[in-house]
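Let's take a walk through this model, one contact at a time. Have the viewer open and follow along.

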Amino acid sequence: MSSDMVTALILAAGAGTRMKSDKPKVVHKILDIPMIQLVIDAAEEAGADRILTIVGHKQEQVRAVLGPDVECVHQPEQKGTADAVIVAKDALADSTGYLLVMCGDMPLLRPETLRQLIEVCRDRSMAVLTATVDNPSGYGRIVRDETGSIAAIVEDKDASPAQLAINEINTGIYCFALDGLFDRLAKIGDDNAQGEYYLTDMVKVCRQENEVVIGVQLNEAEEAHGVNSRAQLAQAGILLQTRINERLMEQGVSIVAPSMTWISPDCVIESDVEVLPNTTIAKGSTIASGSIIGPNSRVYASQVGENCSIEESIVLSSSMGDRCVVGPYSYIRPDVELGDDCKVGASVEVKKSVVGDGSKIPHLSYVGDATLGKKVNIGAGTITCNYDGEKKSATFVDDGAFIGSDTMLVAPVNIGKNAITAAGSAISDDVPDDSLALGRARQTNKEGWVAQRREGK
């Protein structure tokens, strides 16, 4: 293995009791992404060749979030940060290069910050990421010597009054040379207020070996924002949301009300997209140029083409071509494919269906388990009766068909090319091409019936 190899070790074994949750702290979501995944993404973007995650409290939930491809190491007891690294000794037996130690509850770290920390650690035993804050209470203090290198990291509970006045803090993010790391870790004791094994004591060990420990100070202290409570979780979401929205606006996206817009970091939004207030775009969605999303809309795990409009609607796990119009008050459920120039109008629900180019479902309809060809028109109040109480059946509507208002298409059924169904029909048999289908009873008028009823006759 290369001596320049970087392994990231994510510490995620703690319970996070201040969250008051049955879930481990690190699986709570920020902008719809588990916070530990945000940490892993930052490590990977920073160039980590391998990711190891230390798990402990309710580890099965953490493993489920990370998936089977992420390497996990179990820490039986949470005896401190140094102990968390020691339990990974066997997993790191064949690794060389550098170990980037990160906290699973710090979702705001930027990849470029981590790259800088790694670079500073080249040819050294240890580097520490630090931050200067207005209120350092609760954090370990950075004590520097006359050369500016780190002389010690003193935990808040162990600090003297003079040390408590220091406002440069330890973020808990480190980079170590793997060569000799575990020999140094073996020299750490638990003689402190918590009775735990602190990675911070590695500074003392390195200095005893005449090693210089370098501190990399954050330009923006918010990157060091840790999450220990619901309030801090919400604050992290606001900070990340602001960062994402500012980046998108710099790239040519118009966000009318940034504080009322939530976009996941894994989404791709092209220039000249306009995002209106109270809109959420999440789970890897892509929005192509010229589209207008919102207000009051949610797009989740979906692909939206150019020059589309989604107004006061929900789009889930679906795709649409160019120049589509959705809403207001539409509900696009998973597995819907809209072609180009489609319309899904007011109060329409579509589920697991393909809608061909130029087809329109203007209002007050339900289309499920259906395939609509090109330039199909679905009249108001039309529904596909796709479920008989036991199984789902499909509806096929060919190119150019016109479905009259208030038609019930009783699946399985096929409507031919350019066919028409009369308004108010229940269609349960196939309709040939170019045919008119009427599926309603003949109207009967009983003249004078109302007056007779009123008179009691």
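Start with Arg 323, which forms a salt bridge with Asp 341, the closest N and O atoms being 2.7 Å apart. A salt bridge here is a side-chain nitrogen of Lys or Arg within 4 Å of a carboxyl oxygen of Asp or Glu. Arg 323 sits in the loop between strand 23 (319-320) and strand 24 (325-326), and Asp 341 in the loop between strand 26 (337-338) and strand 27 (343-346), so the pair ties together parts that are 18 residues apart in sequence. Strands (E, at least two residues) and helices (H or I, at least four) are DSSP runs, numbered from the N terminus. With a relative accessible area of 40%, Arg 323 is partly exposed, and Asp 341 is partly exposed too, at 33%. For the cut-offs, buried means under 20% relative accessible area, exposed over 50%, and partly exposed in between (1.4 Å probe, protein chains only).

A word on the ground rules: this is a predicted model, where local features need pLDDT of at least 70 and side-chain atom pairs count only at pLDDT 80 or more, while totals for chains, interfaces and linings use all residues. Residues are numbered from 1 along each chain as its sequence is written, and side-chain values use heavy atoms, with hydrogens and water left out.

Back to the charges. The structure holds 17 salt bridges. One of them joins Asp 388 to Lys 391, with the closest N and O atoms 3.1 Å apart. Asp 388 counts as partly exposed at 49% relative accessibility, and Lys 391 is partly exposed at 49% as well.

Now look at Asp 105 and Lys 25, whose salt bridge has its closest N and O atoms 2.7 Å apart. This pair links distant parts of the chain, 80 residues apart: Asp 105 is in the loop between strand 6 (98-103) and helix 4 (111-121), and Lys 25 in the loop between strand 1 and strand 2 (29-30). Both residues, Asp 105 and Lys 25, are buried.

What about aromatic pairs? The structure holds 1. The rings of Tyr 174 and Phe 176 have centres 5.7 Å apart and planes at 25°, so they are stacked; rings of Phe, Tyr and Trp (its six-membered ring) pair if their centres lie within 6.5 Å, and planes under 30 degrees apart count as stacked, over 60 as edge-to-face and the rest as tilted. Tyr 174 is buried at 3% relative accessible area, and Phe 176 is buried at 0%.
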